[in-house]
Amino acid sequence: MLESLKLCFNITLRNWTVYKKDLISNISPTVADPALIMVSLGLGLGAYLTNVEGMTYMQFLAPGLTVATALFTSFFESSYGFYVRMTYENVFKAMLTTPIGVPEVVMGEMLWVALKGAVMAVGVAVVLALFGMMANPWLIPALAIVGFLVALPCGAMGLLATALVNNINQFQTVYSFIIAPLYFLSGIFFPISQMAAPVRMAAEFFPLIHGVRLAQSLFWNQGILDAFLYSGSILVLQSAVLCGLAYWKIKKKLVV
């Protein structure tokens, strides 16, 4: 068991070694995109929306943009990133000639995705907190937990997509019909309570909406315990189901 965990960590470390070679180029879109959205929507649209659930529109946007960072980081890493390593670079074929097996490959990749999502979420939260978007900046470290919990199921969705697509271009379809709806209908840009009942019910199955609620509780310093008991528990359950399903599907491609 300990040996298997060590091998998983080695895979995560390998990905970090490759990632840090172009660290600035890799992290700049993660920080720049939320900043641009905050400026364009927060300052632009915020001039017209002066009160959203008792706060400015910029304050309302901030938690969701932080969690969205974990969504995009994890999905693209476990879809495009994993696909390239598997198909074009043959990284996993090389790994499987060593004591590393398919379970270690999948767990190592998912650990990398979750840790990356956690770090990116904290990084964005720090930037937003510097602009006064967080009621209690001492809660920033807790956003690492939120980023981790969101990145796991969203990363599993990317891995599941990798197992199902026939070529790299088909990820665009997955993004358009699954990831984009998650992004726009999870309460980031407007209160989900104002949506039609069928949309609200469907959104409850989205991992992102529960991450948004956790981030909102931390950013606004309201109902933190209740949010973690409800949305946190759902994210753990979704992670277990989606990670299990993703492993079952992707192992068929890794052992070919």
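Predicted model: local features only at pLDDT ≥ 70, side-chain atom pairs only at ≥ 80, totals over all residues.
Among contacts in the protein chain between residues at least 6 apart in sequence, 76% join residues at least 24 apart, where contact means heavy atoms within 4.5 Å. Residues are numbered from 1 along each chain as its sequence is written, and side-chain values use heavy atoms, with hydrogens and water left out.

Let me turn to the overall fold. The protein chain has 10 helices and 0 strands; helices (H or I, at least four residues) and strands (E, at least two) are DSSP runs, numbered from the N terminus. The radius of gyration, taken over C-alpha atoms, is 18 Å, close to the 18 Å that the globule rule gives for 256 residues, so the protein chain is as compact as a globular protein of that length. That rule is 2.2 Å times the number of residues to the power 0.38. Along its principal axes, the C-alpha trace spans about 60 × 40 × 35 Å.

Next, the surface. The accessible surface of the protein chain comes to about 12300 Å², and 70% of it belongs to carbon and sulfur atoms; the areas come from the Shrake-Rupley method with a 1.4 Å probe, and for residues only the protein chains shown count as cover. Of the 256 residues, 48% count as buried, which is to say under 20% relative accessible area, with exposed being over 50% and partly exposed in between (1.4 Å probe, protein chains only).

Which residues does N15 contact, leaving aside its neighbours within four places in sequence? They are R85, E109 and W112. N15 is found in helix 1, residues 2–19, and counts as buried because its relative accessibility is 4%. Its side chain makes a polar contact with the side chain of E109 at 3.1 Å. A polar contact is a pair of N or O atoms within 3.5 Å; within protein, one must be able to donate a hydrogen and the other to accept it, and residues adjacent in sequence count only if both atoms are side-chain atoms.

By contrast, L225, in helix 10 (residues 224–254), is exposed, with a relative accessible area of 60%.

Finally, backbone angles. Most residues other than glycine have a negative phi. N90, however, has a positive phi of about 55°; N90 lies in the loop between helix 3 and helix 4 (91–95) and is partly exposed, at 32%.
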